[in-house]
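Please open the structure in a viewer and keep the selection panel at hand.

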Amino acid sequence: MDLPSHVDPKTFEIVRSCFAEALGLDDDEVEYDSKVIDDLGAESLDLLDIVYRLERAFDIRIPRGGIEKVTREGLEKGDVYEVNGILTELALEKLSAAMPEVPREEFRPGLKVSEVPFLFRVATFYGLVVSLLEGGEQG
Amino acid sequence: MSAVPDSRFVFLVHPFTGAVRRAAALRTARPRLGLGLRPQPTIDDARPICRLVLETPDRLVEGVVVTVPMLPEQLLDDQEAALAMMRAAVARAGGAVDVVGLGSLLAVVAGRGSALQQHLWQPVTTGAAATAWAAAENAKAAAKGLGVWPHGSMAVLGHRGTVGTAVVELLQADGATRLHVAARDGQARRARAQGLVPFDDEAAAAAGCLVVVGASTTGGILHPRALTRGAVLVDVAIPRTLSGPARRGTRVLAGEAVLPPRTYRQGRWGSVYHLLAGYGPAHLFACLVEPMIMAAEGRTQPFAQGRRVSSQALRDIRRLAPAWGFEPVLANHWRSVTPGRLRAHHHP
């Protein structure tokens, strides 16, 4: 499997094995751009287990709702993130910027907050791990 | 009959609300926690709350229920702290311990029993096998009661999760031929290869099914209107499957309820625990069955740990649980519901 040039293979291998262990898959079933729910069959509790294994493997703390939390915190005062569970255009822009590994067209108007996890790739978690390591967010 | 147990298990539980945590803390002589004077629990607060007994003419099994006084949000926020608390809880059971069972969210956080297992020599079991067994038996009973077993359409929501996967395996092994699931794209292809009938979403999967098994780990995934009139939702553990109250003409029954054998005794504080845990006086939740049977059998292999429940573990629990007198039962809160009543309810 070819990884994008900015991806560190050693770090990715650890991320990949965390996914494989949490989901009961072989390592080669987990690819960088695999969709965590639709491709790998993860459920919500699996995400919890994946986060736990990543935290242990990298000695980091991943805040609950990490990506959504970061996105919400990036909004200016008065900006609105969602209306009746549907993401605003501004929220879609912020999420797209926070998740560059997800094709822009998937951040479609009408996307619900509850549907955001369906966009997650393995790459999303790789990026989260790297940003926490670079930010010094050790456990 | 000797008063010294032949085997002993520990069952770790946690409170779901602050009120239940305070009640447990008062029971365990932790007044500052119990009176709300100290909001954060420490490992010293993990204490036994009651004793359960399974007693046959030639075997005495004792169980100690130990509370891990962390609320759900705390368990989810800090899984390492949850693990530390679970280790402390096992140590505080007192005496020899042969088996460790995990209840509710404790069966899920910190690697679904696997991280705790690394610190213990006793086998750690999460209850997923017994929960799947009870749910499948209850779903089958409901389907028979409604006249749709085995060839009528039944839905299994959450079919890819630990319990859902096992429920599908058990129902198919017993002859169910038309199981509806929610699966898109690549997951739909996999579902067809397993002999399942995939639909784009949960509502579509449930449409027209008189029996729906709710085994998803995501709550509120099904609108009440998505249940067809006359349908029974066999809801398995938390979180609840419906996003609102069930509408008239449909029923939601607990899928993981089990009747204990007459050899089971719970004592006064055990009765209080039953009440606070939501069991009611006559039922157990299936997850408690696993450590009890393991201790009774002298079994050292967990029935369930990690994400997958093995086919062998499912065969074993199906054989052993009834042999020890445990019987799945459809439950409406504290009342048992017989399949015959289901038919009368829906076909007056």
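The stops below cover salt bridges, backbone features, cysteines and surface patches.

**Before starting**

This is a predicted model, in which local features need pLDDT of at least 70 and side-chain atom pairs count only at pLDDT 80 or more, while totals for chains, interfaces and linings use all residues. Residues are numbered from 1 along each chain as its sequence is written, chains are lettered from A and ligands numbered from 1 in the order in which they are written, and side-chain values use heavy atoms, with hydrogens and water left out.

**Stop 1: a salt bridge between chains**

Side chains of opposite charge can pair when their charged atoms come close. A salt bridge here is a side-chain nitrogen of Lys or Arg within 4 Å of a carboxyl oxygen of Asp or Glu. Over all chains, the structure holds 21 salt bridges.

Select A:Asp46 and B:Arg307, which form a salt bridge with the closest N and O atoms 2.7 Å apart. A:Asp46 lies in helix α2 (residues 44–58) of chain A and B:Arg307 in the loop between α12 (289–297) and α13 (311–323) of chain B, so the pair joins two chains. Helices (H or I, at least four residues) and strands (E, at least two) are DSSP runs, numbered from the N terminus.

Are these two residues buried or exposed? Both A:Asp46 and B:Arg307 are buried. The classes rest on relative accessible area: buried is under 20%, exposed is over 50%, and partly exposed is in between (1.4 Å probe, protein chains only).

Now extend the selection to A:Glu21, A:Asp49, A:Arg53 and B:Arg112, which are linked with A:Asp46 and B:Arg307 in a network of salt bridges.

**Stop 2**

B:Arg112 counts as buried, at 5% relative accessibility. Its phi is near 55 degrees, a positive value in a residue other than glycine.

Next select B:Ser104, in the loop between β4 (99–102) and α5 (109–112) of chain B. B:Ser104 also has a positive phi, near 50 degrees, and is a residue other than glycine. With 35% relative accessibility, B:Ser104 counts as partly exposed.

**Stop 3: two further salt bridges**

Select A:Arg56 and B:Glu80, a salt bridge whose closest N and O atoms are 2.7 Å apart. Because A:Arg56 lies in helix α2 of chain A and B:Glu80 in helix α4 (residues 79–91) of chain B, the pair joins two chains. A:Arg56 is partly exposed, with a relative accessible area of 36%, and B:Glu80 counts as partly exposed at 34%.

Then select B:Lys140 and B:Asp174, whose side chains meet in a salt bridge (2.7 Å, N to O). This pair links distant parts of the chain, 34 residues apart: B:Lys140 is in helix α7 (residues 128–145) of chain B, and B:Asp174 is in the loop between α8 (162–173) and β7 (179–182) of chain B. B:Lys140 counts as buried at 12% relative accessibility, whereas B:Asp174 is partly exposed at 28%.

**Stop 4: cis peptide bonds**

Select B:Trp149 and B:Pro150; the peptide bond from the former to the latter is cis, with omega near 0 degrees. B:Pro150 is in the loop between α7 and β6 (154–157) of chain B.

Move to B:Ile238 and B:Pro239, where the peptide bond is cis with omega near -5 degrees. B:Pro239 is in the loop between β10 and β11 (251–254) of chain B.

**Stop 5: cysteines**

How many disulfides does the structure hold over all chains? The count is zero, a disulfide being a pair of cysteine sulfur atoms within 2.5 Å. Select B:Cys287, which is in no disulfide; the nearest cysteine sulfur, that of B:Cys50, is 13 Å away. B:Cys287 counts as buried at 15% relative accessibility, and B:Cys209 counts as buried at 0%.

**Stop 6**

Select A:Asp2, in the segment before α1 (9–23) of chain A. A:Asp2 is exposed, with a relative accessible area of 77%. A:Asp2 and A:Glu115 are 113 residues apart in sequence and 28 Å apart in space, C-alpha to C-alpha.
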